[in-house]
Amino acid sequence: MLAALEQIQQQALEELHTLQDEDALQRWKVTHLGRNSPLMRTFDQLGALPKEERPLIGRRANEVKRALEEAFEARRQALQQAALQRSLQSERLDVTLPGRPIARGRLHPTNLTLRQIVRIFNEMGFQVYRSREVETDEYNFELLNIPAHHPARDLWDTFYTTTPGVLLRTHTSPGQIHVMRQYAPQPLRVVLPGMCYRYEQVSARKETQFNQVEGLAVGRNITFGDLKGTLSDFARRLFGPQVRTRFRASHFPFTEPSAEMDIECFLCGGWGCSVCAQSGWLEILGAGMVHPLVLRNGGYDPQRFSGFAFGLGPERITMLKYHVDDIRLFWNNDLRFLEQF
Ligand code: PHE
């Protein structure tokens, strides 16, 4: 019996040292330590032995069992360690390799211009006011003195929604009413940047969506001189101190009198070229003194308050600044264009 145990132990340990993986280990355990293994059956047979032999055989069987269990555990740990070493070797990470460059995002050219415009007006005391892009007919037209069926509506080809009276704003001017109604009768100096939409035939000069920056100043004794001074100074700060500007009479239903401001064409220096249509001047904004009816709609008494307003197009200005000859480039997401800014 003792010899048999000796034999069991020796054979099991020999086998154990040839095993290379977890599956084989588990099979070994079943064979040599499982319920039906020769070793375990030895325990069952103890009862049949002569009384005086039992303790000796029993103790020896227990020793063999412990020896096998310990050897099993040791082998298992050795295999795990070896596997870890192998993966550390084969999957080694070389942290000294140079990194892959990350493609950096950049600001859209319109946003660059918008930020510049807003910064200039901030310096002159104008605060930014955000206003909604989905508007009512009332705010986009009626309250700005453009009644239904007024021919001036032709200036703003409109995207209507399926909800009657709700549309995509065609300009940022409805924001004038919102901001006036919120702050009247306090004096105001605000710029309102944002997207506008027009139902237009897309061309190199016209898009169906574009940004505007509306400006509005309301207070006592605000004059056309303030309007001219503010906008001329704005042009100098944006385009440089040497830029020349001119104001032309114009018409908008919500300003009276109304004007448009041109800057001298810096491509040809005023001599005339294809960009300025040989005129030497480029139009950059519409403006005027806030119409008394609009002041009243905003909650200000036109007898005591006056104001000026203007609206300019950042895409237009970006085109002039960077000599971009097609407005469609702003929206067709061509990286060859966008990455130049
Ligand atoms: N809202 C006008 C447009 O879209 C521009 C404008 C704004 C003119 C404010 C005068 C005053 O054409």
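A residue is called buried when its relative accessible area is under 20%. In this predicted model, Arg 153 has a relative accessible area of 13% and is therefore buried. Its salt-bridge partner is Glu 142, with the closest N and O atoms 3.4 Å apart. Both Arg 153 and Glu 142 sit in the loop between helix 6 (137-140) and strand 3 (166-168), 11 residues apart. Glu 142, at 36%, is partly exposed.

Seven strands form an open sheet with mixed pairing, in the order 1-4-5-9-8-7-6. Strand 1 (127-128) and strand 6 (245-252) are the edge strands, each pairing on one side only. Strand 6 runs antiparallel to strand 7 (residues 255-264), and seven bridges join the two; Arg 248, for instance, has Glu 260 of strand 7 as its bridge partner. Helix 10 (residues 314-322) lies across strands 5, 7, 8 and 9, at about 110 degrees to strand 5.

Arg 244 belongs to the loop between helix 8 (224-239) and strand 6, while Glu 264 is in strand 7, so the contact ties together parts 20 residues apart in sequence. Glu 264 is buried at 18%, whereas Arg 244 is partly exposed at 48%.

In total, the structure holds 16 salt bridges. Among them is the pair Glu 69 and Lys 65, with 3.6 Å between the closest N and O atoms; both residues lie in helix 4 (residues 54-90), about one turn apart. Elsewhere, salt bridges link Glu 123, Asp 233, Arg 236 and Arg 237 in a network.

Terms used: Residues numbered from 1 in each chain as written. Predicted model: local features only at pLDDT ≥ 70, side-chain atom pairs only at ≥ 80, totals over all residues. Heavy atoms only, no water. Pairing = 2+ DSSP bridges. Helix = DSSP H or I, 4+ residues; strand = E, 2+ residues; numbered from the N terminus. Contact = heavy atoms within 4.5 Å. Axes fitted to C-alpha atoms, helices over the stretch in contact; angles between N-to-C directions. Salt bridge = Lys/Arg side-chain N within 4 Å of Asp/Glu carboxyl O. Buried < 20%, exposed > 50% of the residue type's maximum accessible area, 1.4 Å probe, protein only.
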